[in-house]
Amino acid sequence: MAKITFPVEASHIMMFARAVGDTNPVYHDAAAAAKTEVGGIIAPPTFGQAVAQFDPDYHLRPKPGQAWFGSGKTPSGVEKAPSAGGLHAEQHFEYHRPLRPGDVLSVELKPGKTWEKESKRAGKLTFRERIAEYRDQTGALVLTTRSVGVTTERPVDQG
Amino acid sequence: MKMALHASRLKVGDTHRERVVENLTRTQIVQYAGASGDYNPIHTDATYTTEVAGYPSVFAHGMLTMGLTGKMLTNYVGDGRLTNFGVRFTNQVWPGDSLDSTATVTAIHDGLAEIEVVTTNQDGKEVVRGTATARIDP
């Protein structure tokens, strides 16, 4: 399976923490973080998901020269846009140690189980599981994640 | 900078609750797209989302809601103390929503606290439900 190199950088951690509204200095202030139990800047608990930035084939990032399914001149840039599309159903993180600036992680993605379920709010649901193992420069496992994505038959009813 | 929990001062049923976002803005959703790298237009592109995807408006990434929920958790258990954090996304989160996250201690054993995690919107509707485990001090 695909292996992604994920360099963990302080500015990326700062931007990610800002995006989730987290002002904890341990995510952006090296001097303050040095005085804490963790001894330096660490990444917030869901930061591992930002590995998407380093996946060359990530399907939810527009790429130069390729049609994008979001709007431009027309509501979708592709002829057959996904009618309901995929949603995120579950996300699980197992932490072995915090991620830190300077880590260069090797992330291996593995497909998991696939299953189906019938839903009143969105028709047939197809679930797909994906496991990712994050290892550091020494080969030590630092983070394991399990994501479950769901493709719905129709948009989720808001009633 | 948050201190760890202490087993001697912690009991099953203890809770910690925070308002993790007030009046979620489309701009914060854009900010999350940029930081995380998830540019799915259903989160930021109203034209696509209403005319093609069939939703009433753009909505937040599940992972933004999980990140907001994680902020409450690390404020409670301390920096670098989580060993597990997992959630199911049970309802969508929309611009204008205000979210409250609650941690409830369900078990204490072997230097760990087991925690139930729930995030609800301003109408009391649950948007995220899950569990976390954190290392605690004696």
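Two residues are in contact if their C-beta atoms, placed from the backbone, lie within 7 Å. Keep that in mind for the views below, which all come from a predicted model.

**View 1. Chain B as a whole, with its helices and strands.**
Here's the overall layout of chain B. Among its contacts between residues at least 6 apart in sequence, 66% join residues at least 24 apart. The chain has 3 helices and 5 strands, and reading along the sequence gives the pattern β-α-α-α-β-β-β-β. Its C-alpha trace spans about 55 × 30 × 20 Å along the principal axes. Of the 138 residues in chain B, 49% are buried.

**View 2. Where chain A meets chain B.**
This view takes in both chains. On one side, 47 residues of chain A are in contact with 43 residues of chain B. Two elements of chain A each give two or more residues to its side of the meeting: helix 1 (10–19) and strand 2 (86–95). Strand 2 of chain A provides the largest share, 8 residues. Sorted by class, the chain A side that touches chain B has 26 nonpolar, 15 polar and 6 charged residues.

Now zoom in on strand 2 of chain A alongside strand 2 (residues 82–89) of chain B. The two strands run antiparallel, and 5 bridges join them. Look for A:Gln91 here: the residue standing opposite is B:Val87, in strand 2 of chain B.

Is B:Arg88 buried or partly exposed? B:Arg88 is partly exposed, because 15 other C-beta atoms lie within 10 Å, and that count falls between the cut-offs of 12 or fewer for exposed and 20 or more for buried. Setting aside neighbours within four places in sequence, B:Arg88 is in contact with A:Ala89 and A:Glu90 from chain A, along with B:Arg129 and B:Gly130 from chain B.

**View 3. A:Phe16 and the largest nonpolar core.**
This one goes inside. The largest nonpolar core has 65 residues, and A:Phe16, B:Leu73 and B:Ala134 touch the most other members. Helix 3 (residues 62–77) of chain B gives the most to this core, with 8 residues. As for A:Phe16, leaving out neighbours within four places in sequence, its contacts in chain A are A:Pro44, A:Phe47 and A:Ala50, while those in chain B are B:Ala35 and B:Ser36.

**View 4. B:Asn23, a loop residue with positive phi.**
Back to chain B for a backbone detail. B:Asn23 sits in the loop between strand 1 (15–21) and helix 1 (26–36) of chain B. Its phi is near 55 degrees, a positive value in a residue other than glycine. B:Asn23 counts as exposed because there are 10 other C-beta atoms within 10 Å, and the cut-off for exposed is 12 or fewer.

**View 5. B:Asp110, another loop residue with positive phi.**
The last stop is the loop between strand 3 (99–109) and strand 4 (112–120) of chain B, where you'll find B:Asp110. B:Asp110 isn't a glycine, yet its phi is positive, at about 50 degrees. Why does B:Asp110 count as exposed? The reason is its 8 C-beta neighbours inside 10 Å, since 12 or fewer is what makes a residue exposed.

Key: Residues are numbered from 1 along each chain as its sequence is written. Chains are lettered from A and ligands numbered from 1 in the order in which they are written. This is a predicted model: local features need pLDDT of at least 70, side-chain atom pairs count only at pLDDT 80 or more; totals for chains, interfaces and linings use all residues. Helices (H or I, at least four residues) and strands (E, at least two) are DSSP runs, numbered from the N terminus. Ala, Val, Leu, Ile, Met, Phe, Trp, Tyr, Cys and Pro count as nonpolar, Asp, Glu, Lys and Arg as charged, and the others, Gly among them, as polar. Two strands pair if DSSP finds at least two bridges between them. A nonpolar core is a set of buried Ala, Val, Leu, Ile, Met, Phe, Trp, Tyr and Cys residues joined through C-beta atoms within 7 Å.
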